[in-house]
Amino acid sequence: METVRGKSGTILFDGQRCIHSRNCVLDRPDVFVPNVQGEWIHPERATAGELAALARNCPSGAIRYEPVDGSPGESAPLVNTVCLRENGPLAIHAPLVVADKNEGFRATLCRCGASKRKPFCDGSHSAAGFAASGEAAAKDSQPLPRRDGPLVIEPTPDGPLHVRGSLEVVTGTGKTINRTVECWLCRCGQSRNKPYCDGSHKAAGFRSGESGRTGG
């Protein structure tokens, strides 16, 4: 974890959670300076509001922001969502508990089966040639009585992600295709009903390789 304090706020960067979405270096290349030796994070070049926006725009939660003036930091979203990244991971925005550990409000979870940091994505989907549309078919669903609140994710041994809590499944282009309070999301990469599990992990011999708690 890198911690860099500026006049407006502190940036915390967890390189193990980064999936190289490059939102940070494209939005503010003066704050996150790519391809340099030495210091590359410069929070002093942005306002507190700009730093907060940069952190919120990081899908994996690798970037977090802490105010230095005692004001509130990042808050939970009003709507819990999981976004299907094209040929990539599940990007979740919610108050997250993953494998019994609080994981903040943002995380990207592996759905290709190749990550060495399961249940988190480590970018292995690119080398594995994983292909999965971010525009899955919609399911009939009704508006949820509550759209926020804790989202508990249990990576089942050698099986799917068991998700409990209010959740809206969103395509890569932002269309809500399902609303649920419990579901099982594929993480072996083999389901024919992505993003949901259809039991294919058994025939594929999927092994999650996790032992104990798997925080990021």
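Visitor: Which residues of helix H2 (residues 48–56) are buried?

Guide: In this predicted model, local features need pLDDT of at least 70, side-chain atom pairs count only at pLDDT 80 or more, and totals for chains, interfaces and linings use all residues. Residues are numbered from 1 along each chain as its sequence is written, and side-chain values use heavy atoms, with hydrogens and water left out. Helices (H or I, at least four residues) and strands (E, at least two) are DSSP runs, numbered from the N terminus. Buried means under 20% relative accessible area, exposed over 50%, and partly exposed in between, with a 1.4 Å probe and protein chains only. In H2, the buried residues are Leu51, Ala52, Leu54 and Ala55.

Visitor: Where do the buried residues of H2 fall when seen down its axis?

Guide: An α-helix has 3.6 residues a turn, so residues three or four places apart point the same way. The buried residues of H2 fall within an arc of 160°, so they line one face of the helix; the arc is that of the directions from the helix axis to the C-beta atoms. Gly49 and Arg56, on the other side of H2, are exposed. The cover over the buried residues includes strand E2 (9–13), helix H1 (23–27), E3 and E8.

Visitor: Which residues touch the most other members of the largest nonpolar core?

Guide: A nonpolar core is a set of buried Ala, Val, Leu, Ile, Met, Phe, Trp, Tyr and Cys residues joined through side-chain atoms within 4.5 Å. The largest one has 22 residues, of which Ile92, Leu151, Ile153 and Val163 touch the most other members. Among the elements that give two or more residues to this core are E4, E9 and strand E11 (176–185). E10 provides the largest share, four residues. Contact means heavy atoms within 4.5 Å; leaving aside residues up to four places away in sequence, valine 163 touches Leu151, Val152, Ile153, Val181, Glu182, Cys183 and Leu185. Another core, of 18 residues, lies apart from it and has Ile11, Cys24, Phe32 and Leu54 among its members.

Visitor: How many salt bridges does the structure hold?

Guide: Side chains of opposite charge can pair when their charged atoms come close. A salt bridge is a side-chain nitrogen of Lys or Arg within 4 Å of a carboxyl oxygen of Asp or Glu, and the structure holds seven. In one of them, glutamate 74 pairs with arginine 106, with the closest N and O atoms 2.9 Å apart. This pair links distant parts of the chain, 32 residues apart: glutamate 74 is in the loop between strand E3 (63–67) and strand E4 (81–84), and arginine 106 is in strand E8 (residues 106–109). Glutamate 74 is partly exposed at 25% relative accessibility, whereas arginine 106 is buried at 5%. Elsewhere, salt bridges link Arg28, Asp30 and Glu50 in a network.

Visitor: What form does the aromatic pair of phenylalanine 13 and tryptophan 40 take?

Guide: A pair of aromatic rings is described by the distance of the centres and the angle of the planes. Rings of Phe, Tyr and Trp (its six-membered ring) pair if their centres lie within 6.5 Å; planes under 30 degrees apart count as stacked, over 60 as edge-to-face and the rest as tilted. The count here comes to two aromatic pairs. Phenylalanine 13 and tryptophan 40 form an edge-to-face pair, 5.2 Å centre to centre with 90° between the planes. Phenylalanine 13 is in strand E2 and tryptophan 40 in the loop between H1 and H2, 27 residues apart. Ring pairs link Phe13, Phe32 and Trp40 into a cluster.
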